[in-house]
Amino acid sequence: MLFLINFSAPNVGVACEFLKEEIGTPILKIIEKYDYLDDPTYEGSDSFTLVKEYDSLSLCENSELENTLIKVFIKEGKIIATEIEGPYGEAKNGKILNFAKIYLGYSTEEDIDEKWTGGTTLSSFGENVVYGRVEFIDGNYETLTISKPEFKQFLFGPNVQEIMM
């Protein structure tokens, strides 16, 4: 049975191991698995959600994510969300949506054509996954946010602090 599951979903295995890390995992538990991942926490940062941005290819070995960014959201030393952000002007290509469907196994019933903008929840396995296309003056771009419902409130607001290092 296990063989059939692995054989029937060959693309899921090469997706991006980092994006498969369980939301809620302490960052110190996985930091040694990824060369570029670091712990941005500092004394007194427990009341903040820290956001660190990485070039996607520094955490994932998947060429589908070329020219994209991964934002890692950390609260109290745990990863509470990851977000993939595509380049401006490339939303119509649907590269991140296709990646989410093919490599991560997420799906949607929403009819998304190249002009679509907005946000929609993708089906997932216990996570809160939101795909979005954002209108921007430099061109529309895509996002994919993976979190859990209990962390949603910590992803936006005045206590979210971007770490530049």
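Is Thr25 buried or exposed? I looked it up in what is a predicted model. Thr25 is buried, because its relative accessible area is 11%, under the 20% cut-off.

**Entry 1: Thr25.** I placed Thr25 in the loop between α2 (17–20) and α3 (27–30). I then listed its contacts, leaving aside neighbours within four places in sequence. They are Ile30, Gly77, Lys78 and Ile79.

**Entry 2: Val129.** Next I went to strand β5, residues 128–134, where Val129 lies. Its relative accessibility is 0%, so Val129 counts as buried. I skipped residues up to four places away and noted what Val129 touches. The list has Tyr106, Thr120, Thr121, Leu122 and Ser124, then Leu144, Thr145 and Ile146. I also took a distance to Glu66, 63 residues away in sequence. The C-alpha atoms of Val129 and Glu66 are 21 Å apart.

**Entry 3: Tyr88.** I found Tyr88 in the loop between β3 (78–85) and α5. Tyr88 is partly exposed, at 40% relative accessible area. Which residues does Tyr88 touch, not counting those up to four places away in sequence? I wrote down Phe136, Asp138, Gly139, Asn140 and Tyr141. For Gly139 I checked the C-alpha separation from Tyr88 and got 5.0 Å. Those two residues are 51 apart along the chain.

**Entry 4: positive phi.** Most residues other than glycine have a negative phi. I noted two residues against that background. Asn67 has a phi near 70 degrees. It sits in the loop between α4 (56–59) and β2 (69–75). At 54% relative accessibility, Asn67 counts as exposed. Glu76 has a phi near 50 degrees. I located Glu76 in the loop between β2 and β3. Glu76 is exposed too, at 53% relative accessibility.

**Entry 5: salt bridges.** How many salt bridges does a search of the whole structure find? I got 5.

Lys20 pairs with Glu17, N to O, at 3.3 Å. Both lie in helix α2, 3 residues apart, about one turn of the helix. Lys20 is partly exposed at 36%, and Glu17 is partly exposed at 45%.

Glu22 forms a salt bridge with Lys148, with the closest N and O atoms 3.5 Å apart. This pair links distant parts of the chain, 126 residues apart. I put Glu22 in the loop between α2 and α3, and Lys148 in the loop between β6 (141–147) and β7 (160–163). Glu22 counts as exposed at 53% relative accessibility, whereas Lys148 counts as buried at 17%.

Lys52 and Asp38 meet in a salt bridge at 2.9 Å, N to O. Here too the pair links distant parts of the chain, 14 residues apart. Lys52 is in strand β1, residues 49–55, and Asp38 is in the loop between α3 and β1. Lys52 is buried at 6% relative accessibility. Asp38 is partly exposed at 23%.

**Entry 6: negative patch.** Which residues gather in a patch of negative charge on the surface? I noted Glu110, Asp111, Asp113 and Glu114. I followed up Asp111, which lies in the loop between α5 (95–102) and β4 (118–122). Asp111 is exposed, because its relative accessible area is 67%, over the 50% cut-off.

Key. Residues numbered from 1 in each chain as written. Predicted model: local features only at pLDDT ≥ 70, side-chain atom pairs only at ≥ 80, totals over all residues. Heavy atoms only, no water. Patch = residues over 30% accessible without salt bridge, like charges linked within 9 Å, V, L, I, M, F, W, Y side chains within 5 Å. Areas by Shrake-Rupley, 256 points an atom, 1.4 Å probe, with all protein chains shown as cover. Salt bridge = Lys/Arg side-chain N within 4 Å of Asp/Glu carboxyl O. Lys, Arg positive; Asp, Glu negative; His and termini not counted. Charge placed at Lys NZ, Arg CZ, Asp CG, Glu CD. Helix = DSSP H or I, 4+ residues; strand = E, 2+ residues; numbered from the N terminus. Buried < 20%, exposed > 50% of the residue type's maximum accessible area, 1.4 Å probe, protein only. Contact = heavy atoms within 4.5 Å.
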